[in-house]
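Subject: Structure handover

Hi,

Here is the structure I promised you. Please open it alongside this email and read the notes below with it.

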Amino acid sequence: MPPSVSADRPPAGHPEGAPSGQVGRAEWGLLTDEADWSVELYRILGLDPSVPALTLDELPALVHEEDRPRLTAMVTGCLVDARPIDGEFRVRRPDDSVRTVHMRGEPVLGTDGGAVSMWAVIRDVSELRPHGRSLATGPPPVRRFPLQGPPTLDLAAHHMPGAPPVTAAADWCDVLELPGGAALLTVGDLTGPDPATLLGAVHGLALAGTGPAQVLAILDQLDTPTSLRGAVCCHYEPQNRNFTWARSGRPVPLLFRDGTGRRLTAPDDPPPGADSPYGQAELTLRPGDLLLLHTERLGEPDLARLLGLGPRLSTARAARECVRLLAGELGVGQHGDACVLAVRVSG
């Protein structure tokens, strides 16, 4: 994770102002004290992309003095207690303008369960905070990853950042609680500069009652610079524990039940004349079931190793513990920019 300028960064010089809603990526190595930022993050912060990215110790210098304790609390909780980061703070750019940003991230755990690095996605939300204030007024609440679903699901995620060089592709995982207690669960790979627009469309479609297969079909038709490479889109209904899912590409969720793991059966092709080119599959989950949703950057050997963890995963008490087992099994930097979402049915 070298601090040198990535190939996707523009030539040296002061960057143009970042439009609100732009999303940047960062990773900080704890063993080397080095940092790696995407070009979008330099633009958000108003910094020259030809200079090395700021370390975690240097980052507070950009933060509004009133918000520095909040940032310190978020970073400390992440690195010491392995808590995910999800909060807002203001940054003061070199031109003295103030922007409000929303940071989401989590630690990357080593084989001993300790943090070896920290990654984050930082979005400019200034236009949503017109008075220059961040949404929170104190330390952010403790949350599992940046994921919030119904109380019947225990959620955690593991991100495996790929080795340099950094590419324009990125992975994502997301959980959205829907009216009535249902949940939308998605993981996938994106290519392009504005993932926030596409993910916003996913939320809007789900809130409108669109099913997983139709969500994927509509995303294929969106005219945006960000495209979907492969994804799994799922709907969970807690009243009857019905799980409906569709996929674009080859990812298939893994189900662990009674100490044994298996791949779910991929959906059949849709019937002629259907509204979506994607099929849907359904199954009824049970309390104690564990689902692993993953991006397609995990290869067949990786998935076979995960399936072999069935007996150990069955004894895990929480999704976060499952994630730590996965982190130790898969390691870091060997699987592209991959993500695994652990979903444990708790009720």
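Predicted model: local features only at pLDDT ≥ 70, side-chain atom pairs only at ≥ 80, totals over all residues.

The protein chain has seven helices and 15 strands. Of its 347 residues, 52% are buried. Among contacts with a separation of 6 or more, 66% are between residues 24 or more positions apart.

Now the cores. The largest nonpolar core holds 27 residues. Trp28, Trp37, Leu45, Leu71, Phe89 and Met103 touch the most other members. Two or more residues each come from strand 1 (23-29), strand 2 (35-37), helix 1 (39-45), helix 2 (68-81), strand 3 (85-92), strand 4 (98-109) and strand 5 (115-124).

Next, helix 7, residues 319-330. Its twelve residues should span 16 Å at 1.5 Å a residue, and the end C-alpha atoms are 16 Å apart, so the two agree. Which residues of helix 7 are buried? They are Ala319, Arg320, Cys322, Val323, Leu325, Leu326, Ala327 and Leu330.

Helix 7 also meets helix 5 (residues 300-307): their axes come within 11 Å and cross at roughly 135°. That angle makes helix 5 oblique to helix 7. The crossing is right-handed. On the helix 5 side, the residues in contact are Asp302, Arg305 and Leu306. They meet Leu326, Glu329 and Leu330 of helix 7. Leu326 and Leu330 are also on the buried list for helix 7.

Best wishes

Methods:
Residues numbered from 1 in each chain as written. Heavy atoms only, no water. Core = buried A, V, L, I, M, F, W, Y, C linked by side-chain atoms within 4.5 Å. Buried < 20%, exposed > 50% of the residue type's maximum accessible area, 1.4 Å probe, protein only. Helix = DSSP H or I, 4+ residues; strand = E, 2+ residues; numbered from the N terminus. Expected span 1.5 Å × (residues − 1). Axes fitted to C-alpha atoms, helices over the stretch in contact; angles between N-to-C directions. Parallel < 35°, antiparallel > 145°, perpendicular 65-115°, else oblique. Left-handed = near helix turned anticlockwise from the far one by under 90°. Contact = heavy atoms within 4.5 Å.
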